[in-house]
Amino acid sequence: MGVKHPLQHHFGEVTEIFHYIHDLCESAGLYIDWHGTAQTVQLYRNKESREAGDRYIGAIQYEGSNELQKRTPSTVSLRFRRSNLTSPFKYLLENITAFRKDTNKEPFVNAEAESIAFKFTALDEEAMETLRQIEDVLKMARCI
């Protein structure tokens, strides 16, 4: 029996978050690919960059459980790999600080972290506002 695509899982509210982020990234023009993992899809600038063998720029992932049959995930992360982003794209994402995983007291953003990671546990108004900001950056990045 093969692994289910992450969009086929049903974990309640975190599933809604995963689907919302997936649709947001797709509508912003990113190409979304799946490499047979139960919890993660990869994000590419576009289909052509994926076909050309470019590295993925980010991922959407269920988190909070490595064994989905025993315990359901509690969080959805949206992360972008710093090393695979252009400087302007990285700068714009780093300026969105809500729901960030890689924060410090000073400086506020950990620029040494491998990823710019956002973590969501509920699809409330605050989360949706942050996701709208990310969507705006993703749409702008198509022009950068």
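**Reading a helix and its surroundings**

Guide: Read along the sequence, this chain follows the pattern α-β-β-α-β-β-α-β-α. The model is a predicted one, with four helices and five strands.

Visitor: What share of the 144 residues in the chain is buried?

Guide: Buried residues account for 42% of them. Of the contacts with a separation of 6 or more, 52% join residues 24 or more positions apart.

Visitor: How does one read the sides of a helix?

Guide: An α-helix has 3.6 residues a turn, so residues three or four places apart point the same way. Here, helix 4 spans residues 125–141 and reaches 24 Å from its first C-alpha to its last, close to the 24 Å expected. Its buried residues are Ala127, Thr130, Leu131, Ile134, Glu135, Val137, Leu138 and Ala141. Because they cover an arc of only 160° around the axis, these residues lie on the same side of helix 4.

Visitor: What covers the buried residues of helix 4?

Guide: The cover includes helix 1 (13–27), strand 4 (75–81), helix 3 (87–94) and strand 5 (115–120).

Visitor: Which residues of the largest nonpolar core touch the most other members?

Guide: In soluble globular proteins, nonpolar side chains tend to be buried together. In this chain the largest nonpolar core has 32 residues, and Cys25 and Ile134 touch the most other members. Among the elements that give two or more residues to this core are strand 2 (40–44) and strand 3 (58–63). Beyond its neighbours within four places in sequence, Ile134 contacts Leu78, Phe80, Leu93, Ile96, Phe118 and Phe120.

Note on methods. Residues are numbered from 1 along each chain as its sequence is written. This is a predicted model: local features need pLDDT of at least 70, side-chain atom pairs count only at pLDDT 80 or more; totals for chains, interfaces and linings use all residues. Side-chain values use heavy atoms; hydrogens and water are left out. Buried means under 20% relative accessible area, exposed over 50%, partly exposed in between (1.4 Å probe, protein chains only). Contact means heavy atoms within 4.5 Å. The expected span of a helix is 1.5 Å times one less than its number of residues. The arc is that of the directions from the helix axis to the C-beta atoms. A nonpolar core is a set of buried Ala, Val, Leu, Ile, Met, Phe, Trp, Tyr and Cys residues joined through side-chain atoms within 4.5 Å.
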